[in-house]
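Subject: Structure handover

Hello,

Here is the structure for you to look through. My notes on it follow below the display.

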Amino acid sequence: MSAFLLFFCVAIALAISNIDSLLQYYREIINYKLIIGIGPYHVSKTIVKFVNDGLMAIFFFFLGLEMKYHIQEGEFKDRRNLLLPALTAIGGFVAPALLYTTLNYDSAEGSAGWAIPVATDTAFVLAILTLMKHKVSDNIKVFVIGLSIMDDVLAVLTLAIFYTPELDIIPLLWSLIPLVILFMLNKFKSHNHFLYYVMGIILWLFVVQAGVHGTIAGITLACFIPTRIELPHKTVHLVKDMEASIHTLVAFVILPLFAFVNCELPFSELKLNDVFSTISIGCFIGLFFGKPFGIISVMYIAKFCNYVELPKGTTMAQFFGVASLCGIGFTLSLFIGLQAFDPAELENQMKIGVLLGSLCSIIVGSIIIGIGSKKHKADNQ
């Protein structure tokens with residue numbers, strides 16, 4: 001349901017941005033400035049920046065909680081189950097980055113977007129697999145979750161290392177205070193949600209003031225949440241409880257709002273050069289071709305070396321289809337693209353490539369899974 005809401009918000013944003021009478025109001029609203037914080041440690045940002053730097057920190061906190069649960073309590077508690085997702089995630093990171101860079105190596109502006117096609121929007125992939133639940137096994141969904149965990153780790157590291165501007169050391173030192181308090185809360189197994197959230201907000205304020213992207217605060221906060229706490233009369237599954245408490249907010253408010261404020265794309269302002277720019281083509285090829293190529297080629301190599309096997313109950317065609325679906329970059333690709341580019345012209349080129357690459361990945365991946373499932377049923381009859 002949340003994936004459909006995302007699509008709806010994208011459609012609404014595209015429609016509004018192509019109606020002159022509404023575009024002006026849309027831009028005024030998303031560029032309205034908000035001030036958060038007190039004294040010298042306040043953050044002044046437009047609504048679109050607040051969504052991207054602030055609300056998306058909650059999304060990354062949610063991702064961090066999911067990763068922690070699946071690794072410590074879920075399917076990947078046995079680390080051997082994480083081998084195939086980890087290897088294919090690396091392939092799915094390297095191949096699209098190389099394809100994009102090859103097309104933009106001689107452009108100082110364009111080369112900054114090398115990480116745009118490396119990300120997979122897991123929510124979309126899992127939503128499509130849920131719709132096709134009779135055509136794929138549950139094991140392939142587990143594989144996608146594992147792939148997304150490793151994919152998200154790589155995306156967060158990429159943001160922290162390559163998309164962090166100059167640092168202000170003083171706020172960064174102040175951020176040690178909430179980190180120490182979070183460490184103590186974790187050590188003494190506190191299960192007070194409120195305290196963790198307050199420390200997370202304070203950490204976010206200092207981190208943003210320091211010049212580090214706010215989403216890093218979200219993923220850092222998740223690292224300090226205890227997975228489970230044994231109380232005298234019950235067990236508190238804190239990670240799972242906190243994940244459940246913000247799931248609706250993330251799925252039905254934050255991600256749709258992110259899509260709505262970031263998918264402005266006035267077609268009248270586009271030129272043919274924008275559509276066929278190396279940035280647009282790099283994003284498209286990186287997602288649509290590079291992502292599945294990286295995943296499939298690494299799987300073949302690892303399988304040939306007897307390191308891994310396909311997920312149980314999954315045919316090669318179905319795996320190919322899922323690998324194609326992993327070319328749905330959307331949320332994270334747009335997010336990284338907005339960090340990489342500032343001029344609206346370059347942002348528009350990036351959006352064209354990401355939207356077209358994601359759409360084609362949805363169509364082709366779904367078709368391959370459907371054909372593969374029919375063939376699998378015919379072979380077993």
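I start with T227, which sits in the loop between α10 (215–223) and β3 (229–230). The model is a predicted one, in which local features need pLDDT of at least 70 and side-chain atom pairs count only at pLDDT 80 or more, while totals for chains, interfaces and linings use all residues. Residues are numbered from 1 along each chain as its sequence is written, and side-chain values use heavy atoms, with hydrogens and water left out. Helices (H or I, at least four residues) and strands (E, at least two) are DSSP runs, numbered from the N terminus.

Leaving aside neighbours within four places in sequence, T227 is in contact (heavy atoms within 4.5 Å) with K68, Q72, E73, V236, H237, L238 and V239.

E230 is in strand β3 and is exposed, at 53% relative accessible area. The side chains of E230 and T235 are joined by a polar contact of 2.7 Å. E230 and A210 are 20 residues apart along the chain, and their C-alpha atoms are separated by 37 Å.

Strand β2

T46 belongs to strand β2 (residues 41–46) and is buried, at 14% relative accessibility. Beyond its neighbours within four places in sequence, T46 is in contact with I30, N31, Y32 and K33.

Salt bridges

A salt bridge is a side-chain nitrogen of Lys or Arg within 4 Å of a carboxyl oxygen of Asp or Glu. By this rule there are eight salt bridges. One of them pairs E269 with R27, with 3.2 Å between the closest N and O atoms. This pair links distant parts of the chain, 242 residues apart: E269 is in the loop between α11 (238–262) and α12 (272–275), and R27 is in helix α2 (residues 20–30). E269 is partly exposed at 41%, and R27 is partly exposed at 29%.

K45 and D53 also form a salt bridge, at 2.7 Å from N to O, and both residues are buried. In the salt bridge between R80 and D78, the closest N and O atoms are 2.9 Å apart. R80 is exposed, at 68%, whereas D78 is partly exposed, at 29%. Salt bridges that share partners join R27, E264 and E269 into one network.

Cysteines

How many disulfides does the structure hold? It holds zero, a disulfide being a pair of cysteine sulfur atoms within 2.5 Å. The cysteine sulfur closest to that of C9 is in C263, 9.1 Å away, so the two are too far apart for a bond. C9 is buried at 13%, and C263 is buried at 2%.

Nonpolar patch

I169, I170, L173, W174, L176, I177 and I181 form a nonpolar patch on the surface, with about 640 Å² of accessible area together. Patches are made of residues with over 30% relative accessible area and no salt bridge, with like charges joined within 9 Å and nonpolar side chains (Val, Leu, Ile, Met, Phe, Trp, Tyr) within 5 Å. Accessible areas come from the Shrake-Rupley method with a 1.4 Å probe, and for residues only the protein chains shown count as cover. Helices α7 (169–174) and α8 (176–187) each supply at least two residues of the patch, and α7 gives the most, with four. I181 is in helix α8 and is partly exposed, at 34%.

Regards

How values were computed. Buried means under 20% relative accessible area, exposed over 50%, partly exposed in between (1.4 Å probe, protein chains only). A polar contact is a pair of N or O atoms within 3.5 Å; within protein, one must be able to donate a hydrogen and the other to accept it, and residues adjacent in sequence count only if both atoms are side-chain atoms.
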